[in-house]
Amino acid sequence: MKSKSILITGCSSGIGLDSAKTLLARGYQVFATARKQADVDKLTAQGLQAIRLDLGELSSIEQALAQVLEVTGGTLDYLFNNGAYGQPGAVEDLTTDVLRQQFEANVFGWHELTIQVLKIMRAQGHGRIVQNSSVLGFVCMPYRGAYNASKFAIEGLTDTLRLELKNTNIQISILQPGPIDTHFRQNALQAFKQNIDWQHSIHSNNYQKQIDRLASTEPASGFTLQASAVTRCLIHALESKRPKIRYRITFPTKLFAILKRLLPNRWLDVLLNKG
């Protein structure tokens, strides 16, 4: 029986790497992608079919998908949109170009890959797409505006797409992780130092707290889970006869989903400002 094929973005570490290795061991035909060639080489050394895919480059998306289809004979069963990064910084300190870069990687690249994959899935008559969103896709925290906005956009696009796919055999699910033990904070700190003139900002005092948080090697919270927690939900979204629309992962995600429904906005603001 032919193995189910899946394309996964953002596999250099964390959630993408764990899901790729787990699904490979589970018998899937996994295509693991990463933005940097050095990471692609590392993935290959770990026994994965690795392809370079930069979500910020249209040509890279097209070439990567063409490579996948050449191997599979023109089909693709699953897509896991996972590759993303967080751009910290107060909204008033985000230049439009920096915000655009965040959306290129976290939204526009996902959208381009998704609409290209949908053509394949419609032609073959089936498929599943899983979007790795975040708790910050439905609640906001200070100094995370760019990332918040990108995940809110993914949530809106995905909900709309789900409605439009109603009469097809293509299903789409959203994962909403909270704190997960990955390299996310280290990458965010690099983006912060590169793109935010924090020393001259009105927020400079608060920024030092953010720098300390991002530089810490300790878990983000006592509720931090390993990447495998996300992979377990991914497997359910891929294999269940009736996958969930949303998978809320970690206690903070589940808690804030409840609080967002129950609390007045101003009360919720007080809690989120402590984040």
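Helix 3 (residues 58-72) lies across strand 1 (5-8), strand 2 (29-34) and strand 3 of the predicted model, and runs at about 155 degrees to strand 3; axes here are lines fitted to C-alpha atoms, for helices over the stretch in contact, and angles run from 0 to 180 degrees between N-to-C directions. Helix 9 (residues 251-262) also packs on the sheet, where it touches strand 6 and strand 7, and its direction makes about 115 degrees with that of strand 7. Helices (H or I, at least four residues) and strands (E, at least two) are DSSP runs, numbered from the N terminus, and contact means heavy atoms within 4.5 Å. Residues are numbered from 1 along each chain as its sequence is written, and side-chain values use heavy atoms, with hydrogens and water left out. As the model is predicted, local features need pLDDT of at least 70 and side-chain atom pairs count only at pLDDT 80 or more, whereas totals for chains, interfaces and linings use all residues.

The sheet itself is open and is formed by seven strands in the order 3-2-1-4-5-6-7, with parallel pairing; two strands pair if DSSP finds at least two bridges between them. Strand 3 (49-52) and strand 7 are the edge strands, each of which pairs on one side only, and from one strand to the next the twist averages 20 degrees. Strand 4 (residues 78-81) pairs with strand 5 (residues 127-132) in the parallel sense over four bridges, and Tyr78 has Arg128 of strand 5 as its bridge partner. Strand 5 is in turn joined to strand 6 by six bridges, the two running parallel, and Asn132 stands opposite Leu175 in strand 6.

Strand 6 (residues 170-177) is joined to strand 7 by four bridges, again with the two running parallel, and the bridge partner of Ile174 in strand 7 is Arg246. Strand 6 is mostly covered, with seven of its eight residues buried; buried means under 20% relative accessible area, exposed over 50%, and partly exposed in between (1.4 Å probe, protein chains only). In strand 7 (residues 246-249), Tyr247 and Ile249 make up a covered face, while Arg246 and Arg248 make up an uncovered one. In a regular strand the side chains alternate between the two faces of the sheet.

Most residues other than glycine have a negative phi. Thr250 has a relative accessible area of 5% and is therefore buried. A positive phi, of about 70 degrees, is also found at Tyr143, which is not a glycine. Tyr143 belongs to the loop between strand 5 and helix 5 (145-164), and its relative accessibility is 15%, so that Tyr143 counts as buried.

In helix 9, the buried residues are Pro252, Thr253, Phe256, Ala257 and Leu259, and what covers them includes strand 6, strand 7 and helix 10 (265-272). Helix 9 has 12 residues and reaches 17 Å from its first C-alpha to its last, close to the 16 Å expected, where the expected span of a helix is 1.5 Å times one less than its number of residues. Helix 4 (residues 96-124), with 29 residues, reaches 40 Å between its first and last C-alpha, close to the 42 Å expected. Helix 4 bends by about 50 degrees at Glu104, the bend at a residue being the angle between axes fitted to the seven residues ending there and the seven starting there. Helix 4 is followed by Gly125, whose phi is positive, near 85 degrees.

Helix 6 (residues 184-195) and helix 7 (residues 204-215) pack at an angle of about 140 degrees, their axes lying 8 Å apart. To this contact helix 6 contributes Arg185, Gln186, Ala188, Leu189 and Phe192, and helix 7 contributes Tyr207, Ile211, Arg213, Leu214 and Ala215. By class, the contact comprises seven nonpolar, one polar and two charged residues (Ala, Val, Leu, Ile, Met, Phe, Trp, Tyr, Cys and Pro count as nonpolar, Asp, Glu, Lys and Arg as charged, and the others, Gly among them, as polar).

Ser19, in helix 1 (residues 14-25), counts as buried because its relative accessibility is 0%. Residues up to four places away in sequence not being counted, Ser19 touches Ile8, Phe80, Thr231 and Leu234. Thr44, by contrast, lies in helix 2 (residues 37-45) and is partly exposed, with a relative accessible area of 45%.
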